[in-house]
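Me: Hi! Could you walk me through this structure? I'd like to start with the charged side chains.
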Amino acid sequence: MPADRPPRTIPELVALKRAGRRIVMLTCYDATFARLLVADGAVDVLLVGDSLHQVVAGRETTLGATLDQMIYHAGAVRRGAPDALVVVDLPFLTYQVSVEEAIRNAGRVLAETGAQAVKLEGGAPMVATVRALVQRGIPVVGHLGLTPQSVHAMGGYRVQGRETHAAERLAAEAQMLEDAGACALVLELVPSALAARVTADLAIPTIGIGAGAGCDGQVLVMHDMLGLVPDFSPKFLRRFAELAAPVRAAVREYAAAVRDGSYPAAEHGFE
């Protein structure tokens with residue numbers, strides 16, 4: 001893979017770990033932002049996350065996201081960034097009911113969107129599903145630690161793996177997912193030392209969010225990274241811009257111009 005461009009295939013993504021190059025992932029939900037995120041070649045992977053049900057649809061959790069919703073947004077991202085590496089979350093209850101249903105739904109995602117991989121949450125209970133998907137040519141990214149689709153069972157958005165038994169289980173499940181054929185693993189809200197240990201143990205790359213600096217890469221929700229949700233400030237989040245205030249200012253300026261008659265001006269009209 002040329003060093004001057006992001007990965008475009010799953011094998012190229014895995015090769016980044018062997019090369020020691022950190023992987024940059026951001027969530028994305030539409031064509032306009034997809035074009036912006038890949039314009040400079042800085043982002044390696046666009047994740048069409050079920051977080052869209054929160055940041056786009058305004059819901060409290062990710063649980064209500066639907067397969068059609070994910071396919072619609074993933075298709076938009078693919079059209080905006082036709083050469084990008086795109087991963088799509090499988091939403092709640094589209095892969096947990098049966099292996100057959102998981103194959104059908106994951107296949108729809110790849111066939112209808114042009115994405116290269118799906119992401120699903122869970123450890124040991126998902127191993128057979130991951131193996132079945134991979135055997136059928138569907139690349140899978142795993143997700144351990146805080147798994148938002150299990151937020152109620154976990155009692156909220158809490159760090160996972162602090163207790164010794166929980167850490168050992170997470171490490172074992174990470175290896176299970178790799179052995180089943182997962183091509184990468186997201187680690188969310190996991191103690192830094194545990195995430196670094198899992199990263200060292202695995203041949204596939206780890207992508208952290210609230211999991212410290214020892215992972216092979218990092219992911220953030222785009223809206224959080226850009227400061228578009230100013231009242232969301234978890235410890236792991238660093239805002240790389242503060243865009244909420246400029247957006248509000250632009251809206252106020254537009255509204256004032258419309259009301260005082262300065263917009264549209266003569267130059268904005270047609271003969």
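Me: Is aspartate 44 buried or exposed?
Reply: Good place to start! This is a predicted model, and in it aspartate 44 is buried, with a relative accessible area of 3%.

Me: Which side chain does aspartate 44 meet in a salt bridge?
Reply: That would be arginine 21, at 2.4 Å from N to O. Arginine 21 is in the loop between α1 and β1, while aspartate 44 is in the loop between α2 and β2, so the pair ties together parts 23 residues apart in sequence.

Me: And how accessible is arginine 21?
Reply: Arginine 21 has 29% relative accessibility, so it counts as partly exposed.

Me: How many salt bridges are there by this rule?
Reply: The count comes to seven. One of them links glutamate 112 with arginine 108, whose closest N and O atoms are 2.7 Å apart. These two residues are four apart in helix α5, so about one helical turn separates them.

Me: What about glutamate 242, what does its side chain meet?
Reply: Glutamate 242 meets arginine 239 in a salt bridge, at 3.9 Å from N to O. There is also a network: salt bridges with shared partners join Asp68, Arg108 and Glu112.

Me: Switching topic, which residues form a nonpolar patch on the surface?
Reply: Phe92, Leu93 and Val97 do, and together they have about 260 Å² of accessible area.

Me: Where is valine 97 found?
Reply: Valine 97 sits in the loop between β3 and α5. With a relative accessible area of 56%, valine 97 is exposed.

How values were computed. Residues are numbered from 1 along each chain as its sequence is written. This is a predicted model: local features need pLDDT of at least 70, side-chain atom pairs count only at pLDDT 80 or more; totals for chains, interfaces and linings use all residues. Side-chain values use heavy atoms; hydrogens and water are left out. Patches are made of residues with over 30% relative accessible area and no salt bridge: like charges are joined within 9 Å, nonpolar side chains (Val, Leu, Ile, Met, Phe, Trp, Tyr) within 5 Å. Accessible areas come from the Shrake-Rupley method with a 1.4 Å probe; for residues, only the protein chains shown count as cover. A salt bridge is a side-chain nitrogen of Lys or Arg within 4 Å of a carboxyl oxygen of Asp or Glu. Buried means under 20% relative accessible area, exposed over 50%, partly exposed in between (1.4 Å probe, protein chains only).
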